[in-house]
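Colleague: I would like to learn how to read a model like this one. Can we take it feature by feature?

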Amino acid sequence: MARLSFLSLLALTLVGVSSANSIGQQEALVPVHTQEGWDWTDCGLATDPIQIESIHITPDPPKPGKDLTVLVKAIAQHEVQEGAYADVTVKLGLIKLLQKQFDVCEEARNANASVRCPVEKGYYEVEQTVALPKEIPQAKFTISVRGYTVDDDSLVCLDLKVDFMKKPFPLSKFGW
C-alpha cells in the first residue's frame, strides 16, 4: 500500500515544488476523468505554485502486480526549494490506511527522478514508472496529496481515486 501512496507523491515530486504564498479564492473543483478505473481532481488554487495540467497513466486503468507509468505535465510558477514536503493520505472508504509526510526533494533524489531540487520555474513533462504490488486488494482507494513549501504555504492540492475492483465483463463489448 505504501507504493500506491508513493505514486501520487511521486507525480508531485517529479514536477517539483516551490515556495510562494497561495492567497486567493478557491476555484471550482474540476475532475479530470481518464477512464473507469481512476480519476483526479486539482483541489488547489490558481495561485498555487504548482499547476498540474494533466496526469496520464499506463496501463489505464492501473493493474495490481504490473508496472505503472505516470506522465505528469505541470508548470512550476516559482523555483523549487529544498524543504518542500507533501502530506499523503490513502483511504479505503472512511478507513485511513496510510498517512505520511514526505520530503519532496529527497523523494525525487531517491527515485532517481529527472527533476531535482532546486527546480527552476517552467513547464515540465516528467515520466516515471513504479511497480504496483500484486497484493493490492480489490477495492476503491482515495489518495489525498497536500503539498507545502518550506515556509508551510500551500504548494499543490491533488485528490486521486483509484478503483482496483474487478469488472465482471467489459461493457464496451455489449455496446453500452
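Colleague: Which pattern does the chain follow, read along the sequence?
Modeller: Keep in mind that this is a predicted model. The pattern along the sequence is α-β-β-β-β-β-β-α-β-β-β. That gives two helices and nine strands.

Colleague: Then confidence comes next. What is the mean pLDDT of the chain?
Modeller: pLDDT is the predictor's confidence in each residue, from 0 to 100. Here the chain has a mean of 79, and 74% of its residues reach 70 or more.

Colleague: Now the chain as a whole. How many of its residues count as buried, as a percentage?
Modeller: Buried means under 20% relative accessible area. Of the 176 residues, 45% count as buried. The chain exposes about 9300 Å², and carbon and sulfur atoms supply 52% of that area.

Colleague: What share of the contacts comes from residues 24 or more positions apart?
Modeller: Take the contacts with a separation of 6 or more; residues 24 or more positions apart account for 66% of them.

Colleague: On to the sheets. What is the order of the strands in the open sheet of three?
Modeller: Read the order across the sheet, then the direction of each pairing. The order is S3-S4-S7, and the pairing is antiparallel. S3 (50–58) and S7 (122–131) stand at the edges, each with a single partner strand, so one side of each has no neighbour in the sheet. Neighbouring strands are turned by 20° against each other on average, direction ignored.

Colleague: How many bridges join S3 to S4?
Modeller: Eight bridges join S3 to S4, residues 67–76, and the two run antiparallel.

Colleague: Backbone angles, then. Which residues other than glycine have a positive phi?
Modeller: Look at phi and then at the place in the chain. Asn112 has phi near 55°. Asn112 sits in the loop between H2 and S7, and is exposed at 60% relative accessible area. Asp152 has a positive phi of about 70°. The place of Asp152 is the loop between S8 (140–148) and S9 (154–163).

Colleague: Where is a cis peptide bond found?
Modeller: Check omega. Asp60 and Pro61 are joined by a cis bond, with omega about 10°. Pro61 is in the loop between S3 and S4. The bond from Cys117 to Pro118 is cis too, with omega near -5°. Pro118 belongs to the loop between H2 and S7.

Colleague: How far apart are the sulfur atoms of Cys105 and Cys117?
Modeller: They are 2.0 Å apart, in a disulfide. Cys105 lies in H2 and Cys117 in the loop between H2 and S7, so the pair ties together parts twelve residues apart in sequence. The S-S torsion is about -75°, so this disulfide is left-handed. Both cysteines, Cys105 and Cys117, are buried.

Colleague: One last residue. Is Val104 buried or exposed?
Modeller: Val104 is buried, with a relative accessible area of 2%. Val104 has its place in H2, residues 104–110. The C-alpha atoms of Val104 and Arg116 are separated by 9.5 Å, with the two residues twelve apart along the chain.

Methods:
Residues numbered from 1 in each chain as written. Predicted model: local features only at pLDDT ≥ 70, side-chain atom pairs only at ≥ 80, totals over all residues. Heavy atoms only, no water. Pairing = 2+ DSSP bridges. Helix = DSSP H or I, 4+ residues; strand = E, 2+ residues; numbered from the N terminus. Axes fitted to C-alpha atoms, helices over the stretch in contact; angles between N-to-C directions. Buried < 20%, exposed > 50% of the residue type's maximum accessible area, 1.4 Å probe, protein only. Contact = heavy atoms within 4.5 Å. Areas by Shrake-Rupley, 256 points an atom, 1.4 Å probe, with all protein chains shown as cover. Disulfide = S-S within 2.5 Å.
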